[in-house]
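Colleague: I would like to learn how to read the features of a model such as this one, beginning with the aromatic rings and ending with distances. Could we go through them in turn?

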Amino acid sequence: MTDIPIRARARQSGFTLAEMAVSLFVTVSVLLGVLMLFDFTNKLSRVQGNVADMQQSLRIAQHDVVRLVRMAGRGGLPVGNLPAGLAVAVRNNVGAGERIGGGATPAVLEGTDVLTVRGVFAAPIYRVTAPGRITFNGVGGPGGATSGSVVVPSAEPANLAQDLEPLRQAIAENRPEALVLIARHSSSVYAVVELDPAGSSVAGNQVTVAFHITGGQHAGAYRTLSPGGAFPATLTTAAYVGILEEYRLYVREEHVDRNDDGSDLTPKLSRARVYPATDAPYAGEEENWQNDIADNIVDLQVALGLDSPNGGCTVAESEGTCTIFESEDGTGDDWLLNDTAAPDPALLAGVPLHYLRLSTLARTDRRDVQYQAPLLVRLEDHDFAGSLYNEREERMFRRRLLQTVIDMRNL
């Protein structure tokens, strides 16, 4: 038997134990590095996805709300006395347990604002057939009338077509819509009345629009939107008529477990549509109390940019203290509801509204146990001292704030 040379036997003997241990260690180290990189990338991707969803919610919320708010007052409704105005109204920093319309309607998240806007949003503003004389039913003309009517043609005097379909639908569906009538002699003279579908008629290329001044389902509530709460005596001829709408924008309190108010919050920015100045959902449909716009919106705040005399003071700031919109530093800033200083309501009458600053605060859908968001201090006049959102578990959510200044073009 021929002996195998020592060098050949060494080549056939394989790896030594030390070599195997080193190679195994290197392999495991590489695998662990790859797994750690994969885990880090997965976490980063998940966080970025959550942040992207949150930012998209913010964009959707702002876009939808801004588009609606910018049209407030369209059709001739004035701003009224703020903050509880006519075209724009703000319910500021609502308390615990408040509802958007009372009763069993959806709950509003505590500390947030409710923004109400009214105007002719979806339907056209119709020109009334010249000379626009209003036919009254009752005693003594506008002062004692209980109802009336005007004629709206399919083509206005300039021979431009008017889409009468919204009026036809309201009549056919027997909806007690709010109508805003604008006087022919002055756009500052107006009234809000209730459509009378039974008394209205559609004939060929025109609609005779009948309305209730008193009686009806909501005529009394609508009348509160008229000057002094009454039909103006000088409104005997009308130039325009429009279907008035009301929307309430709010943060709806929602929980993961709907039957447990102690479970995690999942608040949503929502829009309620009601018949103007009432707590009746539009078209009698309860679904109109909550048309959700965006998820995980935890705060909605509104500040009103006004144009008061002397920049927010009754006298020039150098001559004395402010008594209209005094800010916390003792100066006037012409912004209402942006700090805790309360203006004198008696001095708000007739002060025009030029801008509305809308602030929405959103959070991610999921917690990140390795993250702690900064403490919330104050957003406009909402003080977060002692707030749930400053507790440790709530600070695990990433948060973003988006603010938009809206030019109130119709006011």
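Modeller: What follows takes a few features in turn, with the general idea placed before the case, and the model throughout is a predicted one.

Colleague: Let us begin with the rings, then: how is a pair of aromatic rings described, and how many aromatic pairs does a search of the whole structure find?

Modeller: A pair of aromatic rings is described by two quantities, the distance of the centres and the angle of the planes. A search of the whole structure finds three aromatic pairs. One of them is formed by Phe121 and Tyr247, with 5.7 Å from centre to centre and 50 degrees between the planes, and this pair is tilted. The pair links distant parts of the chain, 126 residues apart, since Phe121 is in the loop between strand 2 (114-119) and strand 3 (126-127), while Tyr247 is in strand 10 (residues 238-252). Both Phe121 and Tyr247 are buried.

Colleague: Why is the pair of Phe136 and Phe231 edge-to-face?

Modeller: The ring centres of Phe136 and Phe231 are 5.7 Å apart and their planes stand at 90 degrees, so the pair is edge-to-face, given that planes over 60 degrees apart count as such. Phe136 lies in strand 4 (residues 135-138) and Phe231 in the loop between helix 4 (219-223) and strand 10, so the pair ties together parts that are 95 residues apart in sequence. Phe231 counts as buried because its relative accessibility is 10%, and buried means under 20%.

Colleague: Which rings have the charged end of an Arg over them?

Modeller: The charged end of Arg363 sits over the ring of Phe397, 4.1 Å from its centre, and the charged end of Arg398 sits over the ring of Tyr371, 4.1 Å from its centre.

Colleague: Turning to the strands, how do the strands of a sheet pair, and which strands does strand 5 pair with?

Modeller: Strands of a sheet pair through backbone hydrogen bonds, and the sense may be parallel or antiparallel. Strand 4 is joined to strand 5 by four bridges, and the two run antiparallel, with Asn137 opposite Ser147 in strand 5. Strand 5 also pairs with strand 9 (residues 206-212), in the antiparallel sense and over seven bridges, where Gln206 in strand 9 is the bridge partner of Pro153. Strand 5 (residues 145-153) is mostly covered, as seven of its nine residues are buried.

Colleague: In what order do the four strands of the open sheet come, and which are the edge strands?

Modeller: The four strands of this open sheet come in the order 14-13-15-18, and their pairing is antiparallel. The edge strands, each of which pairs on one side only, are strand 14 (335-336) and strand 18 (399-407). Strand 15 (residues 353-363) is joined to strand 18 by nine bridges in the antiparallel sense, and Leu358 stands opposite Thr404 in strand 18.

Colleague: Finally, how far apart in space are Ser359 and Leu402, and is Ser359 buried or exposed?

Modeller: Ser359, whose place is in strand 15, is 43 residues from Leu402 in sequence and 5.8 Å from Leu402 in space, C-alpha to C-alpha. Ser359 counts as buried because its relative accessibility is 0%. Another case is Ser187, in the loop between strand 6 (178-183) and strand 7 (190-195), which counts as exposed at 58% relative accessibility; Ser187 and Leu375 are 188 residues apart in sequence and 49 Å apart in space, C-alpha to C-alpha.

Technical notes. Residues numbered from 1 in each chain as written. Predicted model: local features only at pLDDT ≥ 70, side-chain atom pairs only at ≥ 80, totals over all residues. Heavy atoms only, no water. Phe/Tyr/Trp six-rings, centres within 6.5 Å; stacked < 30°, edge-to-face > 60°. Buried < 20%, exposed > 50% of the residue type's maximum accessible area, 1.4 Å probe, protein only. Lys NZ or Arg CZ within 6 Å of the ring centre and 35° of its normal. Pairing = 2+ DSSP bridges.
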